Amino acid sequence: MAAPFFSTPFQPYVYQSQQGSVTAFQISGGDVQVLQVMLKSQEKLTAKPGTMCYMSGNMQMDNNYLPENDGGVWQWIFGKSVSSTVFFNSGSDDGYVGIAAPFPGRILPVDLANFGGELLCQADAFLCSVNDVSVSSTVEPRPRNIEIGAEVILKQKLRGQGMAFLVGGGSVMQKILAPREVITVDAACIVAMTTTINFQLKNPNQLRRAVFGGDNQLTASLTGPGVVFIQSLPFHRLSQRIASRSVAGPSLRDNPKFFIQIVMFFFLAYVMIVSSIILTDV
């Protein structure tokens with residue numbers, strides 16, 4: 001007996017571009033995909049460092065310091081990259097560049113002109129871009145308020161009228177929100193969304209969950225209109241699963257609630273020791 005068919009509110013993402021500005025590209029592979037972009041003469045492609053697989057002989061590769069991409073020197077101090085790899089076609093013939101996804105997932109071609117020229121995305125989502133696209137950090141080095149919004153969870157903003165390529169872990173679905181339509185999603189599962197969506201974080205205080213067990217899931221309420229891309233397997237979730245099943249135990253960075261539990265243990269032990277000393281003196 002066949003399973004009953006029903007209409008789902010989520011749609012698989014289908015790339016659409018304006019007829020006059022078409023970038024030739026090809027996405028190959030299944031779980032770990034490879035993107036091949038064709039570049040005409042004097043065109044350039046900007047990618048994250050370490051993602052290039054191959055390129056044609058007429059391409060020039062250079063690492064450029066782009067402080068607007070990852071927040072400048074402040075991000076460099078905390079171990080983030082502040083450079084991008086730029087591929088430039090200096091010849092007269094067409095060239096190509098092969099870019100690999102850094103983790104299992106789907107590569108999403110996005111024409112920013114179809115999304116109002118702006119898109120918020122996760123820090124690990126941006127893969128590469130062609131021509132007029134700038135990537136800026138939405139997190140202030142010295143925050144002036146403690147309000148947690150979309151700019152804190154989705155740490156990068158894409159601007160421009162060019163082509164950008166994003167990566168989502170696992171399977172990626174697209175949801176087109178109608179005006180005042182509301183959905184609740186795991187904040188880590190958001191790959192990217194348009195700036196017209198109203199983002200509200202739910203249950204921001206997770207201290208009790210972190211100390212006494214349970215996941216550290218943050219849910220967000222999204223209100224339309226706009227478009228949101230949702231991934232089924234965020235990269236940090238994949239890395240935590242691998243670390244928890246490896247021979248060596250997970251680090252404190254991969255398991256923050258273990259660190260909180262250790263602090264609470266020593267704090268309670270200190271209180272008990274001090275209390276016993278006071279009662280003994282009395």
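Buried means under 20% relative accessible area, exposed over 50%, and partly exposed in between (1.4 Å probe, protein chains only). This is a predicted model, where local features need pLDDT of at least 70, side-chain atom pairs count only at pLDDT 80 or more, and totals for chains, interfaces and linings use all residues. Residues are numbered from 1 along each chain as its sequence is written, and side-chain values use heavy atoms, with hydrogens and water left out.

Q: Why is Phe 25 called partly exposed?
A: Its relative accessibility is 25%, and partly exposed is the class between the buried and exposed cut-offs.

Q: What makes Phe 25 and Phe 165 an edge-to-face pair?
A: Ring centres must lie within 6.5 Å to pair (Phe, Tyr and Trp, its six-membered ring), with planes under 30 degrees apart stacked, over 60 edge-to-face and the rest tilted. Here the centres are 5.3 Å apart and the planes sit at 75°, so edge-to-face it is. Phe 25 belongs to strand 2 and Phe 165 to strand 14, 140 residues apart; strands are DSSP runs (E, at least two residues), numbered from the N terminus.

Q: Why does Phe 165 count as buried?
A: Phe 165 has 0% relative accessibility, so it lands in the buried class.

Definitions and conventions
Helices (H or I, at least four residues) and strands (E, at least two) are DSSP runs, numbered from the N terminus.
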